[in-house]
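User: Hello! I am new to reading structures like this one. Could you walk me through a few features, step by step?

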Amino acid sequence: MRGIVKRFPGVVANAGVDFDLLPGEIHALLGENGAGKTTLMNVLYGLYEPDAGEIWLYGKRVSFASPRDAIASGLGMVHQHFMLIPPFTVAENIILGQRSPREPLLEDRSSVYERLLALSERYGLAIQPDAEVWTLSVGEQQRVEILKALYRGAEVLILDEPTAVLTPQEVEELLAILHRLVDEGKSIIFISHKLDEVLAASDRITVLRDGKVVDTVDASATNKKALARMMVGREVVLRVSKKPANPREPRLIVRELRANSDRGLPALRGVSFEVRAGEIFGIAGVAGNGQSELEEVIAGLRRATAGQVIICDKDTTNCSPREVGQAGLAHIPSDRYRRGLLKDFSVADNLVLQRVSSPPFTVHGVLRRDVIRQEAQRLVREFDVRTPSVDTPAGKLSGGNAQKMILARELARNPRVLLAAQPTRGLDVSAIEYVHRRLIEQRDAGLAILLISTELEEILTLSDRIGVMYEGEIVGVVDAREANINEIGLMMTGSKRQGDDVKEGAA
Ligand SMILES: Nc1ncnc2c1ncn2[C@@H]1O[C@H](COP(=O)(O)OP(=O)(O)O)[C@@H](O)[C@H]1O
Ligand SMILES: [Mg+2]
């Protein structure tokens, strides 16, 4: 790819990008959120027409009007969101996608089946062509997407953030498959924003920042620190350091909590834990194991069907969000834009949201605009929220600044317990570093923090104790100082902690 330019209204997503891929290599495309990685690959795959630039494949200039053209030229892409139809079998999904006016409608089922099985075995994908997709794990569905691309004759595979949805063990399995693919001569473009796995997986690494290539380097000739610097454009602290915790009295107690999902199925099946003043209790787990229901029940946004939530000695089970807040809970919601802020309201109004009707913001029933603006200006300065002014609508802030605003507001309430759900999702490295620092600072000042995150790295960096959630249960609690990423990874797939095995066996 030479000089690729792709503009969207108000953004240059790719500002003249050069990128090349060799046969038999794994080439990582590394960059922060918004760096332009997905756009570049969508251009390559024929989903976007570039505003300028050329694509050359095997020495020939190509121009793809659609993914169909790209596929015909031997490209395959596995998107961040899979495109499979759950009630259909693997084979049906693959044939469906394949169908085009140029191809016969009826294919010999058994020959399709045989070919899929052969491909699956050859590359160690472990996929049964007659399995129905809904019965497969996320990792298996991803391998179906890979199988689909191979079936269509892909020589070049593009994987967009493939590890975001996987457990550490599944990541290992995926990397093994990728190595097998390149051993057989395929070439792979591996998109990621995670430094460790990029270093472990790839031969070369191209770093994108603000739509431009910073550099292309050999993985063997670089390291995490250097990559982080390229990604962000300055020195970064990869792991904020922290002192040992000094936990005191329990402030949040969750007992035998049960609740249903939106579909009415049990999502929490008897969850119990406590969070003490001065500690960060992290909940680890693959997304969709009850974390969002737990968050909502504690915050008063979803009904518990059984069990108890106690905040600072007050039973807040099934209380309203306002009552839960009065009991001392602050909440950084996982769904920032739906629950965290009012997009059309100003930054100032957002910053005093829960406090606006009490003094000093309202006195004798009169709203004190000047006091609100002063408080907002103080918070914006203190929390480094980059905004043109405190009167700017909150919906105009970037993700990182919106999150800093929410953090500022929630901490300004002087909470006793902070529920932080996916507090850095979608943020760039520097905003993540900032949020992490503030959370540790608050812990040291005695706040009780419940951290819910699907980013294992974040859980390990921040937590003092870690509870692992699987299918609506806490399958184990570990001390973060002794935590081992493999053990936690295994627990994320449902294995109980060693030592609990005996009890399980007896039951
Ligand atoms: N379809 C689109 N319409 C408008 N803007 C887009 C579109 N796709 C991406 N962008 C913008 O282009 C930039 C690069 O985005 P993207 O390629 O998705 O980055 P990455 O994959 O590295 O996170 C971002 O500023 C993003 O908001
Ligand atoms: Mg992307």
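Predicted model: local features only at pLDDT ≥ 70, side-chain atom pairs only at ≥ 80, totals over all residues.

User: How far does a backbone N or O atom of Gly36 lie from an oxygen atom of ligand 1?

Analyst: The distance is 2.9 Å for the backbone of Gly36. A backbone N or O atom of Ala35 lies 3.2 Å from an oxygen atom of ligand 1, and the side chain of Lys37 places an N or O atom 2.8 Å from a ligand oxygen. Of the 560 Å² of accessible area that ligand 1 has on its own, the protein covers 64%.

User: Which element supplies the largest share of the shell around ligand 1?

Analyst: Helix 1 does, with three residues. Helix 1 (37-44) and strand 2 (11-17) each supply at least two. Among the residues around the ligand are Phe8, Val11, Glu32, Thr38 and Tyr48. By type, the shell divides into five nonpolar, five polar and two charged residues.

User: Now another spot: is Arg302 buried or exposed?

Analyst: To decide, compare the relative accessible area with a cut-off: under 20% means buried. Arg302 has 16% relative accessibility, so this residue counts as buried. Arg302 sits in the loop between helix 9 (291-299) and strand 14 (306-311).

User: What does the side chain of Arg302 make a polar contact with?

Analyst: One partner is the side chain of Glu296, at 2.7 Å. The Arg302 side chain also reaches the backbone oxygen of Asn260, at 2.9 Å. Leaving aside residues up to four places away in sequence, Arg302 touches several others, including Ala259, Asp262, Val297 and Asn318.

Notes. Residues numbered from 1 in each chain as written. Chains lettered and ligands numbered in written order. Heavy atoms only, no water. Near = heavy atom within 4 Å. Polar contact = N/O pair within 3.5 Å; in protein donor to acceptor, adjacent residues only side chain to side chain. Areas by Shrake-Rupley, 256 points an atom, 1.4 Å probe, with all protein chains shown as cover. Helix = DSSP H or I, 4+ residues; strand = E, 2+ residues; numbered from the N terminus. Nonpolar A, V, L, I, M, F, W, Y, C, P; charged D, E, K, R; others polar. Buried < 20%, exposed > 50% of the residue type's maximum accessible area, 1.4 Å probe, protein only. Contact = heavy atoms within 4.5 Å.
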